[in-house]
Each structure stands twice: as structure tokens, then as C-alpha cells.
Protein chains: 2
Amino acid sequence: MTDGHFDKIALIGIGLIGSSIARAVKLKGLAKSVIISSRSRETLDRARALDLGTDYVLDAGEAVEDADLVIVSVPVGASGKVAEAIAPHLKPGAIVTDVGSTKGSVVAQMLPHIPKGVHFIPGHPLAGTEHSGPDAGFAELFQGRWCILTPVHGTDKEAKRRLAAFWEALGSKVDEMDMEHHDKVLAIVSHLPHIIAYNIVGTADDLETVTESEVIKYSASGFRDFTRLAASDPTMWRDVCLHNKDAILEMLARFSEDLAYLQRAIRWGDGEKLFDLFTRTRAIRRSIIDAGQDTSAPNFGRPVPDEKA
Amino acid sequence: MTDGHFDKIALIGIGLIGSSIARAVKLKGLAKSVIISSRSRETLDRARALDLGTDYVLDAGEAVEDADLVIVSVPVGASGKVAEAIAPHLKPGAIVTDVGSTKGSVVAQMLPHIPKGVHFIPGHPLAGTEHSGPDAGFAELFQGRWCILTPVHGTDKEAKRRLAAFWEALGSKVDEMDMEHHDKVLAIVSHLPHIIAYNIVGTADDLETVTESEVIKYSASGFRDFTRLAASDPTMWRDVCLHNKDAILEMLARFSEDLAYLQRAIRWGDGEKLFDLFTRTRAIRRSIIDAGQDTSAPNFGRPVPDEKA
């Protein structure tokens, strides 16, 4: 079998991530058959209408029969139930992976169910948009993005190599780290930003002195940037908060502490402290652009509105 | 004189906003002469090299001689000094405006210096990017964006109409509100988002358990959105914090209160509370897109990275 290719891939869950994998697999011809499973008949019908795979089944257990690669793309809170459902149907030698944003919890939920002889290799592609569902996916989603594998003790090297080759075939760069470290890194680069974004949008929505229509009208002056993250899938993010609690609470405590310091500088008119912070944060933006992880175009390259918008 | 046109426009300050005005005025032929003034010789030389105006002077007083419209585009903390410097040189009947992000403070700093017979009409175009300086400006910056005028008591109606027509000629939509309300609205839609963005980027920069290179590598999972605002001009934002203190402290207090509530929901595993908040924030994003204030393209329409990025 060529690198990154599998005879039969089963996709459990066909939202933004699952459907993007499906599209990329099809585009690049990475599998002979792609079985798609969703517990929602409506979602499954939509996946079929979009022609995302070769077979469509409601039952996850049925989907993984004979599959060489099983990719679980569901909200992390549902990982345990999925593992339990698919376990009796997994083929010896199959690779089971997931795409969840928290890894410690996913391993704790899934690993106990995985039969001997099946390779369970947790993964997390750091890619997404604020949209969700099977219509939101696109084949290029993983291009130039990182996928982090967090193998458990005793993982088969060849299975790991084959999974990494699959993600590379999708355009990803692959990294490896232990699950505890993953959960800390993600708490700061992803979970905290989403929580903060949800929070500030909530704060703005609750004001009595400023109307919601004013917030919307004048949002281009900064606020709108936060509304993108705050439009992400609520179920997914509820589960992330519940399943990476410790790391998130630690980052939240640090953030609040720093904010109190900044608030004090504002209250006491300490311009130097403010200027120092506002200067060093610029360098990080530059590094992110240099690393190819964001565009240097102003305003993220958003289109200029029409003259008579 | 046609609507939106002035014989002689003086631009005091030629950064992102000033230079965008200069470019739009030139493109649309809104003035016979455009005098550009900067207290930095380097910036002034750059403006000349970019051919942004018709005349270039270091002295703000000299710049406003005979000007029909004077636009002050400097960090808000410098407004008072500029007003003092230009006051003796202002022509009777001239319109003086500014583009500052705080209005109460600008009025307090500038109004006492403005001579009788000169029309002082504070303004604030809600437009910008994370870049700064004369090279960062572009003629379309104000297109489809709001410009808020906050006229003081007894403002001449015809002068106000002419200033509004000028902004409309630049592609803006013009609104009017009192300065106290402006400062509250901007505190939530612009100042708080910037402060929060600066703060979270600072928090990430300070971690011991997660390296800076990890933050940069994996930033596309959410964090990078904040780095754009946190790359904004440090002098401008220091001044905003110092000059809209009361409204900002009020919004910060509300934000922190809401965050404590959210943090508690995470600690106690209250999924329902989290889901409720994460659901209602989605609606605001939709309204902003419907109002033409942001793009519906995923990830703000950022380009997909190259396959081998």
C-alpha cells in the first residue's frame, strides 16, 4: 500500500472535520472505500447528497467492520460511547484515531475499550473554521496546518508512521507530543482564546447603556474579530471546557491575574507599563506571520466593503 | 464648493488614518491643496516620497494657515498640544476635526484652545488595520465604515453638514452621538477587545510550561486571531487606555465578572450554562455579517496556506 493510503477508511462523525477529511481523501484518492457514519439520519443524508463517501450507515459499529483506518470526529464528550460501540467490530491491525481537541480525556474514555491488536493513536489536526456540519468542510482545510499525534505507551511504530503519512498526504505537518503537554499547549493557543471570545461577546450582549444594534454597527473597530471564534460549534466547545478543565482553569487564572495587573495600570495611569506590554505583543504577531500561520494582509485580508455597503 | 470638497485641507499627523485620508482625497479630487504636517521629519519625508499631499511642513501652525478643513490624526494624548499649536493660525470659518478613538478627552483637551469663529467638530472614523505609519494607509480604508461625529453644544449646522459630506465622499456612513455615549460604545466595541487581545498575548508569552515557539506554531487554532489586534500601534493604544479610563474600567469590571461566572461553570462542570452562552453568541456573529460589517467567508477569508507551507 502506498504511503498515506488505506483500503477502507471509516469516518465516525461527518461534521466540519470529518467531512473535510472525506473530501480530501476523495480528491487525493487515498482510499478505495470510505464508510461514513453519523448517529443523525439528517446529517447522514446530507453527507450522501454531498457524495462524501462510498457507503453511509447510522451504526458506528457497522461502519468500522473491515476498516483499516477509523477516524472518530465527534465532540470529545462522545468519544467514550463511540469507542464502546465500535470496539467489538474493529479488525485486528486496524488503526483507530480521533481528531478531538483534548487528548487526556479522550484517551481515558477510549483506550479501555480498544481491543488488543488494534492500534489506537490519538490525534488532533489543528485546523477548523467557525462553521460546522458536513457542508462546512473543504479538502484544503488541513493544508499547511499541524496535526499533533499523542501516542500512548507501546504504540506500534509502523502504525504511527502510516497514520502520519495519511495526515501528510492531506497536506498537514505532523508533530508528536505527550497528551498532558498537548492539553496545556491547546489550553493556551486554542481553548482560552475561544472562551475569552465567547465571554466578551456575552458581555457586550448584556449591556444596558450600549444597544446590541450599536455593538453590531460599530463592530469593525475590533469587536468583530472575537465574534468569529464565538460563532464556533457550541457542543464541541462545551465538551472542550468540560474535558480539559484543569489546564483551562490554570490558563484562566493566569489570564485574570494579568488582566488585573493591566487594569491597575489603567486605573493609575501607568502609561509606561501599558506601552511596554503593547510593544512586546507586536513581535509575536510578526513571528506567527513569519511561520506561515497567518496572513500579513491587513485585517486578515478581509475584502474592502462596497462603497455603498 | 461641491459637497465634500474643500479648497485647502491640512492634515496634522500622517499615520495610518491621516495617510488614508490623504490618499482618498487625492483619488477623489476632494481638495485643491493638501498640506501635510508631522512633527517627525522622517515621517514627513516618507509622506513626501509617497506623494501624499501638495505641501509638507514640520510646523502644525504653519500647516493650518488658510486651511478650510483641518484634520488632526495624532494619538489622543497629543490632541491638546496640537490644538494649542494650531490655534493662533486657524482661519475664521475653518472646520477643525480629529479622528481620535476617545472623544470626551479630546474635547476637553482641544476645545479650550479653539478660537471663536472656528468650527470644532470632533469625529471618529471607525476604520483601521493593525498596521501603522504613512505606508500603511490606503484610499479605501473608510469605504462602508462608520464615521461618528460628536458635535459640541452650539455647533454650526452648515459646518457639520459639510464635514459629514466630506466623510461620505470618502465612502463612509456618518453617525452622530454625544461624546459620553461614544466613549461607552467604543469602550465595548473597540477598547475592551484590544485590551483583552493584548492581555492574552501577554499571558501566552509568559508561560513556562508552553514555549513561545509552540504558541507560534499552533496559533492557527484560535490564538492568532487575537494577535492582529495586539499588533496595533502601542502609542495610540496607551493613549486610548489613559484617556477613556472610566468607561474602560467599567467594561473591564463587567468582563471579569462574566469571566468569573464562566470559570465557575467550567470548574463545576455545568455544561448547560456553557452551552447556553456558546449558543447565543453565534447570533451576534450572524447579525454582524448581515450588517455588512464582516465577511461570511470562513476564517475571515484568509488564504489557504500552500501545501508545503
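Modeller: A disulfide is counted when two cysteine sulfur atoms lie within 2.5 Å of each other. In general terms, it is a covalent bond between the sulfur atoms of two cysteines. Keep in mind that this is a predicted model.

Colleague: How many disulfides does a search of the whole structure find over all chains?

Modeller: The search returns zero disulfides, with all chains included. As for individual cysteines, A:Cys241 is buried, at a relative accessible area of 0%. B:Cys147 is buried too, and its relative accessible area is 0%.

Colleague: Next, strands. How do I read the two faces of one?

Modeller: In a regular strand, side chains alternate between the two faces of the sheet. The case here is strand S5 of chain A, residues 95–98.

Colleague: Which residues of S5(A) lie on each side, and are they buried or exposed?

Modeller: A:Ile95 and A:Thr97 are on one side, A:Val96 and A:Asp98 on the other. All four are buried, so both faces of the strand are covered, buried being under 20% relative accessible area.

Colleague: Which strands pair with S5(A)?

Modeller: Strand S4 of chain A, residues 69–72, runs parallel to S5(A) and is joined to it by four bridges. Strand S6 of chain A, residues 119–120, also pairs with S5(A) in the parallel sense, over two bridges.

Colleague: What unit do S4(A), helix H4 and S5(A) make?

Modeller: They make a β-α-β unit, and its hand is right-handed. The helix in question, H4 of chain A, covers residues 79–86.

Colleague: Now chain B. Where is B:Ile86 found, and is it buried or exposed?

Modeller: B:Ile86 belongs to helix H4 of chain B, residues 79–86. It is buried, with a relative accessible area of 0%. Sequence distance and spatial distance should be read separately. B:Ile86 and B:Val64 are 22 residues apart in sequence, while their C-alpha atoms are 6.6 Å apart in space.

Colleague: Last topic, cavities. How many of 30 Å³ or more does the structure hold?

Modeller: It holds one, and the volume of the largest cavity is about 30 Å³.

Colleague: Which residues line the largest cavity?

Modeller: The lining consists of B:Val72, B:Val74, B:Ser79, B:Asp98, B:Val99, B:Gly100 and B:Met110. Sorted by class, this lining has four nonpolar residues, two polar and one charged.

Key. Residues are numbered from 1 along each chain as its sequence is written. Chains are lettered from A and ligands numbered from 1 in the order in which they are written. This is a predicted model: local features need pLDDT of at least 70, side-chain atom pairs count only at pLDDT 80 or more; totals for chains, interfaces and linings use all residues. Side-chain values use heavy atoms; hydrogens and water are left out. On a 1 Å grid over the protein atoms alone, a cavity is a set of points where a 1.4 Å probe fits but cannot get out, and a pocket is an open set with protein on both sides within 12 Å along at least five of seven lines; lining residues have an atom within 4 Å of a point. Grid points are joined across faces, edges and corners, and a volume is the space filled by probe spheres set on the points. Ala, Val, Leu, Ile, Met, Phe, Trp, Tyr, Cys and Pro count as nonpolar, Asp, Glu, Lys and Arg as charged, and the others, Gly among them, as polar. Buried means under 20% relative accessible area, exposed over 50%, partly exposed in between (1.4 Å probe, protein chains only). Two strands pair if DSSP finds at least two bridges between them. A crossover is right-handed if, with the strands pointing away from the viewer, the path from the first strand over the helix to the second runs clockwise.
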